[in-house]
Amino acid sequence: SWEIFRDTLIEQAEQGVDYFTIHAGVLLRYVPLTAKRLTGIVSRGGSMMAQWCLHHHKESFLYTHFEDICEILKSYDIAFSLGDGFRPGSIADANDEAQLAELRTLGELTKIAWKHDVQVIIEGPGHVPMQRIKENMEIQLEQCHEAPFYTLGPLTTDIAPGYDHITSAIGAAQIGWYGTAMLCYVTPKEHLGLPNKKDVKEGVITYKLAAHAADLAKGHPAAQFRDNALSKSRFDFRWKDQFNLSLDPDTAKEFHDETLPAEGAKIAHFCSMCGPKFCAMKITQNVRDYAAKLELTEQQALEEGMKEKSEEFKEQGNQLYHKISES
């Protein structure tokens, strides 16, 4: 009931929370819109409020008492996270009328919250294929008056249980580029079970990567400094700097040391992928050194080197194959 909910809200406000997720956009008239969905209502809060509305055949008390909730949050300086109770749980349900109807209502509630001087973030989907992500972001900005959007992913495909931190990071990078304000990370255990410490680490690092990719795409000042620093250390074979500049230094070092564990390999001008003779970066540096020695451009050095090798080939009799001396 509203009374129990109100008292619980105040009790938790007294404990010092910073924001509440409130599924006030789940309205009785929207519930039938989910009936033909592939995956129905996948939000816990959304499904509970939908069940309450149907059981009592009443509008949600979160909606009818929204201004009362605003007064409580204002008095404790707590922000709203307006929950997406009808977020799509599969790409088949993305951007459907249930999701968008709720989003329009969240825009209405945002203006009411702002009238009470309460801050708002809008929760977003969910499962959305790549070609529909931009539309989702644009609708949110328009309907919710550019209130900050906070998205879980979105997941861009449904076929990868065990790898949904990756499927969602693809969508997170894209929607971050289009304007989302905050990303909610997803772990490899999404849809499968409760994550452990390792899963949380993988999820957080994957989302740091998605957020950074979005910052690069938006052209944020200084966003590329770290990329450039790591790339320079890679080209200079400064392995320890490359590890330490990465998002996950421990894993980067572990992967390198699986095949080249010796401490001397940390200053070697090659890795186990190409070996000492075929490293493209080492060859490039050799070309540069050769060009500098002869005071040539890199292109001229390449041409000169080709001429030298051509002459060497002629001197050896124009033969592709040579007998190996038995001695």
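The questions and answers below take up a predicted model of one chain and the terms used to describe it.

Residues are numbered from 1 along each chain as its sequence is written, and side-chain values use heavy atoms, with hydrogens and water left out. Local features need pLDDT of at least 70 and side-chain atom pairs count only at pLDDT 80 or more, while totals for chains, interfaces and linings use all residues.

Q: Why is Ser168 called buried?
A: Buried means under 20% relative accessible area, exposed over 50%, and partly exposed in between, with a 1.4 Å probe and protein chains only. Ser168 has 0%, so it is buried. Its place is in helix 7, residues 164-178. Across the chain, buried residues make up 39% of the 327 residues.

Q: What is Ser168 in contact with, beyond its neighbours within four places in sequence?
A: Contact means heavy atoms within 4.5 Å. By that test Ser168 is in contact with Gly153, Pro154, Leu155, Val186 and Tyr207. One of these, Pro154, is found in the loop between strand 4 (149-152) and helix 7. The peptide bond from Gly153 to Pro154 is cis, with omega near 10 degrees.

Q: Why does Thr187 count as buried?
A: Its relative accessibility is 8%, so Thr187 counts as buried. Thr187 is in the loop between strand 5 (182-184) and helix 8 (197-218). Not counting residues up to four places away in sequence, Thr187 touches Asp164, His165, Pro195, Asp199, Val200 and Gly203. Thr187 and Ile166 are 21 residues apart along the chain, and their C-alpha atoms are separated by 8.7 Å.

Q: Why does His57 count as exposed?
A: His57 has 62% relative accessibility, so it counts as exposed. His57 lies in the loop between helix 2 (44-56) and helix 3 (61-64). Its phi is positive, about 50 degrees, although His57 is not a glycine.

Q: Why does Ala222 count as partly exposed?
A: Ala222 has 47% relative accessibility, so it counts as partly exposed. Ala222 lies in the loop between helix 8 and helix 9 (225-235). Here too phi is positive, about 75 degrees, in a residue that is not a glycine.

Q: Where do the domain bounds of the chain come from?
A: They come from an automatic or database domain assignment. The chain is divided into domain 1 (2-220), domain 2 (221-271) and domain 3 (279-315). The C-alpha centres of domain 2 and domain 3 lie 27 Å apart. Their contact takes 5 residues from domain 2 and 6 residues from domain 3.

Q: What share of the contacts in the chain with a separation of 6 or more is between residues 24 or more positions apart?
A: Such residues account for 65% of those contacts.

Terms used:
Helices (H or I, at least four residues) and strands (E, at least two) are DSSP runs, numbered from the N terminus.
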